[in-house]
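Visitor: I would like to learn to read a model feature by feature. Please take me through one.

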Amino acid sequence: MKAKVNQDICLGSQDCVNACPEVFKMEGDKATVLVAEVPKDVEAKCKAAANGCPAAAISIED
Ligand code: SF4
């Protein structure tokens, strides 16, 4: 599974970083993805972070 942040619409709310710091981190006022492949053990957390993004800026690819 892969995760991607569309920085053009990211609001910088940091919700994704709080929900899943294994995958997301802030880069200035935008979130970015730390890992090319989401580790299996954090897939659920990562999906929850994507669902919780107020800008719907996170996309998930299987
Ligand atoms: S939750 Fe969404 S809007 Fe907030 S920092 Fe993460 S990607 Fe950006």
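Predicted model: local features only at pLDDT ≥ 70, side-chain atom pairs only at ≥ 80, totals over all residues.

Visitor: Next, helices. Which residues of α2 are buried?

Guide: Helices (H or I, at least four residues) and strands (E, at least two) are DSSP runs, numbered from the N terminus. Buried means 20 or more other C-beta atoms within 10 Å of the residue's own; exposed means 12 or fewer; partly exposed is in between; C-beta atoms are placed from the backbone. In α2, residues 43-52, the buried ones are Cys46, Ala49 and Ala50. Seen down the helix axis, they fall within an arc of 100°, so they line one face of α2. That arc is taken over the directions from the helix axis to the C-beta atoms. On the other side of α2, Ala44 and Asn51 are exposed.

Visitor: What do the buried residues of α2 pack against?

Guide: Contact means C-beta atoms, placed from the backbone, within 7 Å. The buried residues of α2 pack against β1 (2-5), α1 (15-19), β2 (24-27) and β4 (58-61). Take Ala49. Beyond four places in sequence, Ala49 touches Cys16, Ala19, Cys20, Phe24 and Ile58.

Visitor: Is Ile58 buried or exposed?

Guide: Ile58 is buried, with 25 other C-beta atoms within 10 Å. Its place is strand β4. Leaving aside neighbours within four places in sequence, Ile58 contacts Ala3, Val5, Cys16, Ala49, Ala50 and Cys53.

Visitor: Which residues touch the most other members of the largest nonpolar core?

Guide: A nonpolar core is a set of buried Ala, Val, Leu, Ile, Met, Phe, Trp, Tyr and Cys residues joined through C-beta atoms within 7 Å. The largest has 15 residues, and Cys16, Cys46, Ala49 and Ile58 touch the most other members. Helix α2 gives the most to this core, with three residues.

Visitor: Now strands. Which residues form the covered and uncovered faces of β1?

Guide: Ala3 and Val5 make the covered face, Lys2 and Lys4 the uncovered one. Strands pair if DSSP finds at least two bridges between them. β1 and β4 pair antiparallel over four bridges. Lys2 stands opposite Glu61 in β4.

Visitor: How many bridges join β2 to β3?

Guide: Four, and β2 and β3 (residues 30-33) run antiparallel. Lys25 has Thr32 as its bridge partner. Glu27 stands opposite Lys30. The hairpin has two residues between the strands, and Gly28 takes a positive phi near 70°.

Visitor: Where do residues other than glycine show a positive phi?

Guide: Most residues other than glycine have a negative phi. Gln14 has a positive phi near 70°. Gln14 is in the loop between β1 and α1 and is partly exposed, with 14 other C-beta atoms within 10 Å. Ala56 has a positive phi near 50°. Ala56 lies in the loop between α2 and β4 and counts as exposed, with 11 C-beta neighbours inside 10 Å.

How values were computed: Residues numbered from 1 in each chain as written. Contact = placed C-beta atoms within 7 Å.
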